[in-house]
Amino acid sequence: GGGAAPPSSFVGLLDIFGMETFERNGYEQLLINFANEKLQALFVSEAVELVRAEFVSEGIRVELIDSPDNSAVLELFEGAKRRGGYPRPGLLSILNEETASPKPPDDARLVEALHRRFAEHPAYRKPAAAEPATSFTVRHFSAQVTYTAAGGGGAGGGGGGGGSGGGGGGG
């Protein structure tokens with residue numbers, strides 16, 4: 001039973017997921033997209049940078065591979081360490097603080113806290129005039145996604161409504 005012989009050398013690419021985005025994006029999409037950002041960073045680190053370093057150590061000439069750097073987005077979500085070791089809180093910490101507050105949930109208060117903290121962050125955008133006041137946008141590695149906190153559930157309950165859009169993978 002014949003068939004073509006396998007090639008003697010092969011280079012393959014893996015196109016990984018983009019962001020989950022709907023007409024209305026809430027807390028669930030925010031967490032899914034955060035997980036996708038973490039996976040993107042792990043993929044770039046493990047599958048691209050480590051393999052490249054191994055090739056270089058073996059004397060194989062490898063051109064610089066341009067891969068997306070999503071460290072700013074991860075810093076937005078997770079926070080950043082300051083000098084002296086005290087972390088600067090990220091979006092997830094602020095969501096946790098606001099939703100764990102003894103005060104009743106207030107979507108406007110939550111989003112205002114995010115705006116105050118991240119207005120100047122490169123991966124964050126306040127809502128445009130045509131967007132709901134209780135929304136914010138995250139510039140993910142593959143797409144910008146606007147999230148809304150309106151509708152209960154603290155940090156943007158609800159979601160769904162359009163189809164899964166998401167950009168292509170990043171790599």
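Modeller: Let's start with Phe-136 and Tyr-147, which are both buried (under 20% relative accessible area, with exposed over 50% and partly exposed in between, using a 1.4 Å probe and protein chains only). Keep in mind that this is a predicted model, where local features need pLDDT of at least 70 and side-chain atom pairs count only at pLDDT 80 or more, while totals for chains, interfaces and linings use all residues. Residues are numbered from 1 along each chain as its sequence is written, and side-chain values use heavy atoms, with hydrogens and water left out.

The structure has 4 aromatic pairs (rings of Phe, Tyr or Trp, the last by its six-membered ring, with centres within 6.5 Å; stacked if the planes are under 30 degrees apart, edge-to-face if over 60, tilted otherwise). In the pair of Phe-136 and Tyr-147, the ring centres are 5.6 Å apart and the planes meet at 35 degrees, so this pair is tilted. It bridges distant parts of the chain: Phe-136 sits in strand β4 (residues 135-139) and Tyr-147 in strand β5 (residues 144-148), 11 residues apart. Helices (H or I, at least four residues) and strands (E, at least two) are DSSP runs numbered from the N terminus. Ring pairs also draw in Phe-118 and Tyr-124, giving a cluster with Phe-136 and Tyr-147.

Now look at what else surrounds Phe-136. Beyond its neighbours within four places in sequence, its contacts (heavy atoms within 4.5 Å) include Leu-30, Leu-91, Leu-114, His-115 and Val-145. Phe-136 also belongs to the largest nonpolar core, which has 23 residues; Phe-136, Leu-91 and Leu-114 have the most contacts inside this core. Such a core joins buried Ala, Val, Leu, Ile, Met, Phe, Trp, Tyr and Cys residues through side-chain atoms within 4.5 Å. At least two core residues come from each of α1 (27-57), α2 (71-78), α3 (91-99), α4 (107-118), β4 and β5, and α4 gives the most, with 5. In soluble globular proteins, nonpolar side chains tend to be buried together.

Leu-91 leads us on to α3, whose buried residues are Leu-91, Ile-94, Leu-95 and Glu-98.
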